[in-house]
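Open the model in your viewer and keep the sequence alongside. The tour goes from one selection to the next.

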Amino acid sequence: MNVKIENTWKQLLEDEFSQPYFIELVQFVKNAYQHKTIYPRGEHIFRAFDLCPVDRVKVVILGQDPYHGPGQAHGLSFSVPEGVSFPPSLLNIFKELKSDLDIPLPSHGNLEKWAKQGVLLLNATLTVEAHKAGSHQQKGWEQFTDVVVQKLANQKDNLAFMLWGAYARKKAGIIPEHKHLKLHAPHPSPLSAHRGFFGCRHFSKTNEYLAENGKEPIQW
């Protein structure tokens, strides 16, 4: 089955694409795009992978679902295209960056520049129906993204994983403790950010860890 995904990822995940659950998932997703409004656009489903090949991954930021409002989702967790207002969680991420590294609020919320530096902006579920948060959960995406995290964690050393909220922390168990940095915090959503996301300093901690392990820090 031909899945259009960046070549290094295609090689890493090749076995997965022929698994029965993934074939069923593809049929579900194709059918959904034909009959409903689904985000992101089809060509952006694997955008996080396309912008951040396997050999460049240094950091993984796990989100839950794509945004489900018009024009927001474009295949990168927490990111929105230029010209789109900051969703509340993204605004809180930028507030924490200001507090942590004194980086001023940017003029837009497009995080492609992070992806191109080796930050895999991965949602646990890669598609969603318009205005229906969580509508494509439990269809197979979580199993697929578990494999993504597991293969990355097993094959690479000294990655930094930012695990925000209970949903992201579910993946923590498949990341070997001794090989990587695992940073936990509440989700940056306004419902939970005040419970420990603000002040978590994950961005500076990640850059310190990368530098300690001979890797170029991220220009956040």
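Begin with Asn 158, in the loop that joins α6 (141-155) to β5 (160-164). The model is predicted. Look at the backbone here: phi of Asn 158 is positive, about 55°, although the residue is not a glycine.

Next, select Asp 102, in the loop between α4 and α5 (112-115). Asp 102 also has a positive phi, near 55°, and is a residue other than glycine. Its relative accessible area is 53%, so Asp 102 counts as exposed, the cut-off being over 50%.

From there, step back into helix α4 (residues 88-101) and show helix α8 (residues 202-212) with it. The two helices pack at an angle of about 60°, and their axes are 8 Å apart. That angle makes α4 oblique to α8.

Now display the side chains at this contact. Which residues of α4 meet α8? On the α4 side they are Ile 93, Glu 96, Leu 97, Asp 100 and Leu 101; on the α8 side, select His 202, Phe 203 and Ser 204. Coloured by class, the contact shows 4 nonpolar, 2 polar and 2 charged residues.

For the last stop, go to Pro 40, in the loop between β1 (38-39) and α3 (47-51). Display the peptide bond from Tyr 39 to Pro 40: this bond is cis, with omega near -5°.

Key
Residues are numbered from 1 along each chain as its sequence is written. This is a predicted model: local features need pLDDT of at least 70, side-chain atom pairs count only at pLDDT 80 or more; totals for chains, interfaces and linings use all residues. Side-chain values use heavy atoms; hydrogens and water are left out. Axes are lines fitted to C-alpha atoms, for helices over the stretch in contact, and angles run from 0 to 180 degrees between N-to-C directions. Helices (H or I, at least four residues) and strands (E, at least two) are DSSP runs, numbered from the N terminus. Angles under 35 degrees count as roughly parallel, over 145 as roughly antiparallel, 65 to 115 as roughly perpendicular and the rest as oblique. Contact means heavy atoms within 4.5 Å. Ala, Val, Leu, Ile, Met, Phe, Trp, Tyr, Cys and Pro count as nonpolar, Asp, Glu, Lys and Arg as charged, and the others, Gly among them, as polar. Buried means under 20% relative accessible area, exposed over 50%, partly exposed in between (1.4 Å probe, protein chains only).
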